[in-house]
Structures are given as C-alpha cells and as structure tokens.
Amino acid sequence: MKIVQITDLHLGPPGERVFGLDPWMRLEACIANVNLNHADADLVVFTGDLAHNGEEAAYVELRMRLQELKAPFRLLIGNHDDRATFRRIFPQAPVDDAGFVQSRIQTAAGNLIFLDTNEPGTHAGRLCAARRTWLEDALGANPGPAFLFMHHPPLSLHLAPMDAIRLRDAEALGEILSRHGEVRHIFFGHVHRPIAGNWRGIPFSCLRGTNHQVWLDFTAESEIPCSLEPPAYAVAFIQPEQVVVHTHDFLDASPKYAYDPDLSSDEQVKLV
Ligand SMILES: [Fe+2]
C-alpha cells in the first residue's frame, strides 16, 4: 500500500500570503507533483493545519483545489484549524459519534486510524476521554496491524517551543497503544521538520509542511524558530513485513543526472 502524507498547509484566504509565501502556489505545485508521480497512491493523508487561522474561505478554496488530486484523500485537522468551520465546508469528512474528525479505514495492510487532536483555545493537542474511547474501540475492532495519523506529536522532540505545544494526554494514549500492541507506525505533522524515531517502541515520522518550516535549533526556549526551508511531502510504503517512509522536496530544482561509471564525475554533471 502506498500512502502520501502532506501536512501543515497553513492556507489563508485565496491570494493571502503567509509569512511572505504563497501557500496556494505551493499546494498547487504539491498536488501537481503528487499527481505526476503518485497518482497510484492508495490514499493521500493531510495531517492537519489545513488553514492558517481556520478561515472559511480557505476551506472553500481547498475543497475546490482537492478536486484536482487524482488519488483518494483524507483530511485531518490541527491546532490552526477550526473544527466547526471545517465540518461545515467538508460535510462528507467522516467524524465519530461525538463529532470529532476521527475515522478509520480497514485495508489489507492493516487498520488506518485518523485522530483529531485539535483543542480550541490552545495550540497544544488533546485526546480527551471521549476521543480515547473511540480510539480503543477502533483498535479493538481489529487486533491486527494499525497505523496512526494525527497532527500533534505525543512525545518530546528536544525542541522546547514545540514540546510545549505537543499532545497532552500522551501517557493515556501510550497505554492504549501498548494494550493493543500492534501499532506499527505513527505519522504526525505540527512540527514542520523531518524527524523520525520511536516512542514507546512504536516508530514515528513527521516532515516539513508545504509553506513555512521550523528551524533546527535546540537552544530555542520559548519562541518557535521558524524558517523558509523547502517544502516536502512524504511517501510511505506499507507492507506486512515493513514500513518505508521517503520525503520529497517537491520544489527542489537542483540538477539531476544518471550515474554513469564510465564517465568522470565532472563529465556527468556537464550532461545536465
Ligand atoms: Fe502547523
């Protein structure tokens, strides 16, 4: 199974720049690149912060732009989104019984579970008792392999300003995942940086957003060190025996060439 992850679009109303960048141009380039190279994806997952400030106009335009995407998609919300506005503009987006933007898809490779960690009034994430109960049921519905998609990271990433707004309730989440015992990977956004590792033995990965990024600075204490590093999307190959996650800087325009051992390195680069 092939899954594309796109995250942290931070879309404002059409035409509005965010941190000096055009998030709509970037989304358009991202969708075009995914269509060109990964139209065969089983699913494209947008892991939250679709809008920069939960603007209705951003969701309306996004709904239109997503018609261009060839692969099926699933939308998650993040701390910059507004759940009520999102649900009004995307009435078909699946939600749980309590109205949280949570859902699951049973596939041959396992149970794909999409969580809603948005909490109004804070940039930190929450997975309240109602959401955790839903998750327990979703995991319990199938004892096989499961893969989680969510906006907030549940662990400290050694980036103090981001750690301050990570998922609360992480301990309770961890206990649920440990009880299930077959969660194979957690995909999250929020951090605007490529990071991989494992949490309580469960592998995780995240990546840069499509607009602005977070700079690698382990000394920053309270202010988030932002940057205009290039945007990326991720491509995950999920199989029974392995999970492989690639990231692709889709706006990168550096020279490409095919390796030819019969030519010197200088000669190869001249072919560009
Ligand atoms: Fe974000």
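Where does Ser222 lie? In this predicted model, Ser222 sits in the loop that runs between β10 (213-214) and β11 (226-227). With a relative accessibility of 63%, Ser222 counts as exposed, because the cut-off for that label is over 50%.

Stepping back to the fold as a whole, the protein chain holds 7 helices and 13 strands. Its radius of gyration comes out at 19 Å, close to the 19 Å that the globule rule gives for 272 residues, so the chain is as compact as a globular protein of that length. Laid along its principal axes, the C-alpha trace spans about 60 × 45 × 40 Å. Buried residues account for 54% of the 272 residues. As for how the chain meets itself, take the contacts with a separation of 6 or more: 66% of these join residues 24 or more positions apart.

Then there is the surface. The protein chain exposes about 12,400 Å², and 52% of that area is supplied by carbon and sulfur atoms. On the charge side, the count is 23 positive and 35 negative side chains, with the centres of the two sets 4 Å apart.

The cysteines come next. Searching the whole structure turns up 0 disulfides. Cys30 is in no disulfide, and the nearest cysteine sulfur, that of Cys206, is 16 Å away; a pair would have to come within 2.5 Å to qualify. Cys226 is likewise in no disulfide, and its nearest cysteine sulfur, again that of Cys206, is 15 Å off. In terms of burial, Cys30 has 0% relative accessibility and so counts as buried, while Cys226, at 47%, counts as partly exposed.

Two loop residues have backbone angles worth a mention. Phe19, found in the loop between β1 (2-6) and α1 (23-38), has a phi near 55 degrees, a positive value in a residue other than glycine. Asp169 is not a glycine either, yet its phi is positive at about 65 degrees. This aspartate is placed in the loop between α5 (160-163) and α6 (170-180).

Terms used: Residues numbered from 1 in each chain as written. Predicted model: local features only at pLDDT ≥ 70, side-chain atom pairs only at ≥ 80, totals over all residues. Heavy atoms only, no water. Helix = DSSP H or I, 4+ residues; strand = E, 2+ residues; numbered from the N terminus. Rg over C-alpha atoms; globule rule 2.2 N^0.38 Å. Buried < 20%, exposed > 50% of the residue type's maximum accessible area, 1.4 Å probe, protein only. Contact = heavy atoms within 4.5 Å. Areas by Shrake-Rupley, 256 points an atom, 1.4 Å probe, with all protein chains shown as cover. Lys, Arg positive; Asp, Glu negative; His and termini not counted. Charge placed at Lys NZ, Arg CZ, Asp CG, Glu CD.
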